[in-house]
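Subject: The two-chain model

Hi,

Here is the model I said I would send over. Have a look at it first, and then read my notes below.

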Amino acid sequence: MKVFIVPPNSLILFDLVERFGHQPLSIMEAIGEKVNSKEIESPPLNVTVDDVKKGLKYAGIEVPSGIRGRLAVYGPLIDEAEAAIFMEDAPYMFGCVGCARTNELVKLLVRKRKIPLLELEYPTSEEEAKVVVKRVKEFLEGLKK
Amino acid sequence: MSQKSETRYIVIAPSSSITPDQITRFIHTMAVDVQIKETCFGVIVQGERQVVANVLTEVRKLDPNRLFSKVRGYPIGDGRRCRAEHGSRPGFTQLEKEWKDLPMFEVGLNCANDGKICELPKRKKLPISEMKRICEEVCEQ
């Protein structure tokens, strides 16, 4: 199954999803398609008209362009997702993936899809990490049934 | 780079005794058509999607729970990201943090593979006497 992950570029979640036999949906692949595309003059510093249209599908015109731009990348992944895993309060959720409003909208869009969803806290100790890995494993194994 | 091509990070957990050089040499001995870049945290492999997947499966066998992998958007040596060409690396702080935390997840994976019961101890209620002591302490300040 295709599993959408938040943070969308997490090494740990990407690896765990793949390790337990599912396909992670991450922004690395979505960005990869963009930066390797010859249609854009200097990727990823500019966007195409199609990107703007895609963004408008997920957020209104009054929403800041940064959020719409991000949703143009995240949105198709959410549409494609058959399950999702959120890891809240990851310490590296700043910079490009740190837009709080985008992340709120992403969560809303995922919840609207009513797909299986696992919500976790980023672990801070080995004991917490054990619980996180166990929960991810159980969730992903349950999806196969 | 074609759409069938894939670039992947293979990240070695700090608790592993494997070095990026060992992985690079191991992949070279597989004699497959991939491009490899050795980095401080592991290696970056680029090639046909299926070939890269096969390489990853074999490399993982070296140290299954201490080698982690994810796809990379940019190809190896891309001028927009490669430091040799003054490219920026905005994602490196994240990769660094996750790399530092990999030993935690290794313990988690070992635990999950062994089927051990992993539960956090339940939070107990604070006794009233303790609560009273804290209140008095704060009020005195």
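First, a word on confidence. This is a predicted model, and the predictor gives the complex an ipTM of 0.87 and a pTM of 0.87. For chain B, the mean pLDDT comes out at 88, with 96% of its residues at 70 or more. If you go through chain B element by element, helix α1 (residues 20–30) of chain B has the highest mean pLDDT, 95. The lowest belongs to helix α3 (residues 92–114) of chain B, at 89.

Now chain A. It has six helices and four strands, and along the sequence they come in the order β-α-β-α-α-α-β-α-β-α. The radius of gyration of chain A is 16 Å, close to the 15 Å that the globule rule gives for 145 residues, so chain A is as compact as a globular protein of that length. Along its principal axes, the C-alpha trace of chain A spans about 45 × 30 × 25 Å. Of the 145 residues in chain A, 41% count as buried. Looking at contacts in chain A between residues at least 6 apart in sequence, 59% join residues at least 24 apart.

One part of chain A to find on screen is the stretch around strand β3 (residues 83–88). This strand pairs with strand β4 (residues 117–121) of chain A in the parallel sense, over five bridges. A:Glu88 of that pair stands opposite A:Glu121 in β4(A).

What sits in the loop between β3 and α5 of chain A? A:Asp89 does, and its phi is near 55 degrees, a positive value in a residue other than glycine. A:Asp89 counts as exposed because it has 9 C-beta neighbours inside 10 Å, and the cut-off for exposed is 12 or fewer.

The peptide bond from A:Val6 to A:Pro7 is cis, with omega near 5 degrees.

On to chain B, where I would start with strand β3 (residues 42–48). Five of the seven residues of β3(B) are buried, so this strand is largely enclosed by the rest of the structure. β2(B) and β3(B) form a hairpin, with three residues between them.

Leaving out residues up to four places away in sequence, B:Glu48 touches B:Lys4 and B:Ser5. B:Glu48 and B:Lys4 are 44 residues apart along the chain, yet their C-alpha atoms are separated by 5.9 Å.

Chain B has its own positive phi in a residue that is not a glycine: B:Ala31, at about 50 degrees. You will find B:Ala31 in the loop between α1 and β2 of chain B. With 6 other C-beta atoms within 10 Å, B:Ala31 is exposed.

Last, the place where the two chains meet. The contact takes 28 residues from chain A and 27 residues from chain B. On the side of chain A that touches chain B, α1 (11–19), α2 (27–35) and α6 (126–143) of chain A each supply at least two residues. Which of them gives the most? That is α6(A), with ten residues. By type, the residues on this side of chain A divide into 14 nonpolar, six polar and eight charged.

Cheers

How values were computed:
Residues numbered from 1 in each chain as written. Chains lettered and ligands numbered in written order. Predicted model: local features only at pLDDT ≥ 70, side-chain atom pairs only at ≥ 80, totals over all residues. Contact = placed C-beta atoms within 7 Å. Nonpolar A, V, L, I, M, F, W, Y, C, P; charged D, E, K, R; others polar. Pairing = 2+ DSSP bridges. pLDDT = per-residue confidence, 0-100. Rg over C-alpha atoms; globule rule 2.2 N^0.38 Å. Buried ≥ 20, exposed ≤ 12 C-beta atoms within 10 Å, placed from the backbone.
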